[in-house]
Amino acid sequence: MPELDNPVLHAIRERRSVRRYTEEPVSADEVRAMLEAARWAPSGKNNQPWRFLAIMGGDARQQALAELTRSGSAVQAAKALIVVALDKSAMYHQIKDHQSCGAAMQNILLAAHSLGLGAVWLGEIVSRERQVFEALSLDPDAYELAAVAAIGRPSRQGSGQRKPLADLLIEPL
Ligand SMILES: Cc1cc2nc3c(=O)[nH]c(=O)nc-3n(C[C@H](O)[C@H](O)[C@H](O)COP(=O)(O)O)c2cc1C
C-alpha cells in the first residue's frame, strides 16, 4: 500500500493563491526553478507549446501589465511575473494546447509554493491580449496569451476553499 500522504500531495493540498507579497525580492535562480518545473509539464504529443517570459520586479513592463488587469495590485506588488504564451507554430489543437499551458502554470504555482514563495494564476488578463502583447513587444501573429503568474514572498496567505469530494463525484466511489 503506497503512502497516502507525501510531500507532493501535501504541497498540492496546501498551495493557495497568494496576492500579497513582502518587499523581499525573488531571485533569478528561483524563477529558473519555476520555469524548470513548468517545462516538465505534460503536453499533447509532447509538443511543449508553451513559451515563457520572465519579468523581474521593478521592470517597466510590470506597471504596464498592472494596468491591464483587475488583479493590478498583485501584479504591482509581485517580485516576479511569468507570462505564459502559446507558440502558435507549435500548436496542434486549441483545447489541448491550452490545457498543456494550464499544466505548466500549475507546475509554476506548485514550484513557487515548494520554494516558500506565493503565486497567483492571472487569467482575466487574457481578455486584454492585444494590449498585453503591445506592452511586452510580443508578436500577436506568433503567440497566444495563456496566463500570467504573479509571484513573491507571501505577506498574507490565501484562503481558497474546496467543495467536498462527495459533491464532485458523478458516481459514488
Ligand atoms: C484559469 C484561472 C484564472 C484565474 N484568474 C485569476 C485572476 O485573473 N485574478 C486572480 O486574482 N486570481 C485568478 N485565479 C486564481 C483563482 O481565483 C483561485 O485559484 C481560486 O479562487 C481558488 O483559490 P486557491 O488557488 O487559493 O485555492 C485564476 C485561476 C485559474 C485556474
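With 23 C-beta neighbours inside 10 Å, valine 132 counts as buried (buried means 20 or more other C-beta atoms within 10 Å of a residue's own, exposed means 12 or fewer, and partly exposed is in between, with C-beta atoms placed from the backbone). This is a predicted model, where local features need pLDDT of at least 70 and side-chain atom pairs count only at pLDDT 80 or more, while totals for chains, interfaces and linings use all residues. Numbering starts from 1 along each chain, following its sequence as written.

Valine 132 sits in helix 6 (helices are DSSP runs of H or I with at least four residues, strands are runs of E with at least two, and both are numbered from the N terminus). Leaving aside neighbours within four places in sequence, valine 132 is in contact with Leu65, Leu68, Ile125 and Leu145 (contact means that the C-beta atoms, placed from the backbone, lie within 7 Å). From valine 132 to valine 84 it's 48 residues along the sequence and 12 Å in space, C-alpha to C-alpha.

Glutamate 134 is in helix 6 too, which covers residues 129–136. This glutamate 134 has 13 C-beta neighbours inside 10 Å, so it counts as partly exposed. Its C-alpha is 9.7 Å from that of alanine 64, though glutamate 134 and alanine 64 are 70 residues apart in sequence.

Serine 137 belongs to the loop between helix 6 and strand 5. Its phi is near 55°, a positive value in a residue other than glycine. Serine 137 is exposed because it has 8 other C-beta atoms within 10 Å.

Leucine 138 is in the loop between helix 6 and strand 5 as well, but with 17 other C-beta atoms within 10 Å it is partly exposed. Not counting residues up to four places away in sequence, leucine 138 touches Ala85, Phe133 and Tyr143. Leucine 138 and alanine 85 are 53 residues apart in sequence, yet 9.8 Å apart in space, C-alpha to C-alpha.

## Another positive phi

Now to the loop between helix 2 and strand 2, where you'll find asparagine 46. Phi of asparagine 46 is near 55°, again a positive value in a residue other than glycine. With 7 other C-beta atoms within 10 Å, asparagine 46 is exposed.

## Helix 5 and its partners

Helix 5 runs for 21 residues and reaches 30 Å from its first C-alpha to its last, close to the 30 Å expected at 1.5 Å a residue (the expected span is 1.5 Å times one less than the number of residues). Its buried residues include Asp97, Cys101, Met105 and Ile108. The buried residues of helix 5 pack against helix 2 and strands 2, 3, 4 and 5. Just after helix 5, glycine 116 has a positive phi of about 80°.

How do helix 1 and helix 5 cross, and at roughly what angle? Their axes come within 10 Å and cross at roughly 100° (axes are lines fitted to C-alpha atoms, for helices over the stretch in contact, and angles run from 0 to 180 degrees between N-to-C directions). The two helices are therefore roughly perpendicular to each other, a label for angles of 65 to 115 degrees. Ala11, Ile12 and Glu14 in helix 1 meet Leu110, His113 and Ser114 in helix 5.

Note on methods: Parallel < 35°, antiparallel > 145°, perpendicular 65-115°, else oblique. Contact = placed C-beta atoms within 7 Å.
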